[in-house]
Amino acid sequence: MSRKQLIAGNWKMFKTGAEAGQAAQKLADLAAGIREPEIMIAPAFPSLPIVAKALEGSGIKTGAQNLFHENEGAYTGEVSGPMIRDTGASYVIIGHSERRQYFMETDVHVNKKIRSAFQAGLTPVMCIGESETERDEKKTFSVLDKQVSNGLKDFRSDEIEGLVVAYEPVWAIGTGKTATTDQVQEVHGYVRSLIAGLFGNFLASGTRILYGGSVKPDNIRSLMELKDVDGALVGGASLDPEKFIKIVQNIG
Ligand code: PEP
């Protein structure tokens with residue numbers, strides 16, 4: 001099955017509203033005429049409506065970096081799926097390793113967040129990945145197994161159609177270290193087979209699996225050539241529109 005490639009930029013906690021608006025405008029200009037791959041930018045919450053407005057008509061999508069699983073209520077400081085949808089966003093990143101590491105997010109939270117994302121009409125990008133110690137201890141597959149099966153627990157396959165998975169080895173995020181192409185294909189193939197085992201081949205073959213971890217203009221092509229890599233989740237290199245667009249252009 002052919003899967004539409006997706007290059008997503010995670011701006012993390014960078015850029016004020018004005019800076020985000022300018023960068024989005026620049027990106028829209030640079031991406032004029034590009035229809036493939038699909039592009040998505042995930043700015044900080046306050047910048048979502050500003051970026052969505054700047055990208056209007058460009059075809060570039062916006063996404064949030066997190067959500068809270070309840071739709072509304074007394075949850076000070078949280079932001080819900082319907083609120084994110086209302087800004088014009090269509091994606092939401094869920095379970096990023098920084099959320100797991102600094103905000104104690106577990107697979108149980110991830111599971112609830114994925115359900116509320118779909119209910120709000122948002123496409124979740126579920127992040128998974130092992131730490132350096134886990135890889136050294138040869139626990140990569142068992143870690144991914146748990147993250148996928150618990151993150152997607154109690155879903156029927158028709159409820160998670162369109163789900164995007166991002167494999168981000170924690171040791172490659174923001175470190176300049178990229179996993180080798182052999183390591184990436186091995187994991188992506190494994191994750192697709194896990195999804196097939198849980199939800200069947202149809203869902204597995206339609207699910208986009210992105211790679212994330214120090215993706216740059218000069219390493220994107222070799223990653224995108226891999227059979228089970230359907231795009232990238234880019235952190236640092238997405239902050240500069242010129243650099244990010246080179247990643248988009250270099251996918252081959
Ligand atoms: C990320 O934050 O999802 C990421 C992959 O970061 P970087 O590209 O900076 O490694």
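Reader: How far is an oxygen atom of the ligand from an N or O atom in the side chain of His96?

Author: A polar contact is a pair of N or O atoms within 3.5 Å. In this predicted model, the His96 side chain places an N or O atom 2.9 Å from a ligand oxygen.

Reader: What is the distance from a ligand oxygen to an N or O atom in the side chain of Lys12? And for Glu168?

Author: For Lys12 the distance is 2.6 Å, again from a side-chain N or O atom to an oxygen of the ligand. For the Glu168 side chain the value is 2.7 Å.

Reader: How much of the ligand does the protein bury?

Author: Start from the ligand taken alone, which exposes 300 Å². The protein buries 95% of that area.

Reader: Which residues around the ligand are closest?

Author: The shell holds 14 residues. Lys12, Glu168, Gly174, Ser214 and Gly235 are the closest.

Reader: How does that shell divide into nonpolar, polar and charged residues?

Author: Sort each residue by class, with Gly counted as polar. Here four are nonpolar, eight are polar and two are charged.

Reader: Now the whole chain. How many helices and strands are there?

Author: The chain has 11 helices and eight strands.

Key. Residues are numbered from 1 along each chain as its sequence is written. This is a predicted model: local features need pLDDT of at least 70, side-chain atom pairs count only at pLDDT 80 or more; totals for chains, interfaces and linings use all residues. Side-chain values use heavy atoms; hydrogens and water are left out. A residue is near a molecule or strand if one of its heavy atoms lies within 4 Å of it. A polar contact is a pair of N or O atoms within 3.5 Å; within protein, one must be able to donate a hydrogen and the other to accept it, and residues adjacent in sequence count only if both atoms are side-chain atoms. Accessible areas come from the Shrake-Rupley method with a 1.4 Å probe; for residues, only the protein chains shown count as cover. Helices (H or I, at least four residues) and strands (E, at least two) are DSSP runs, numbered from the N terminus.
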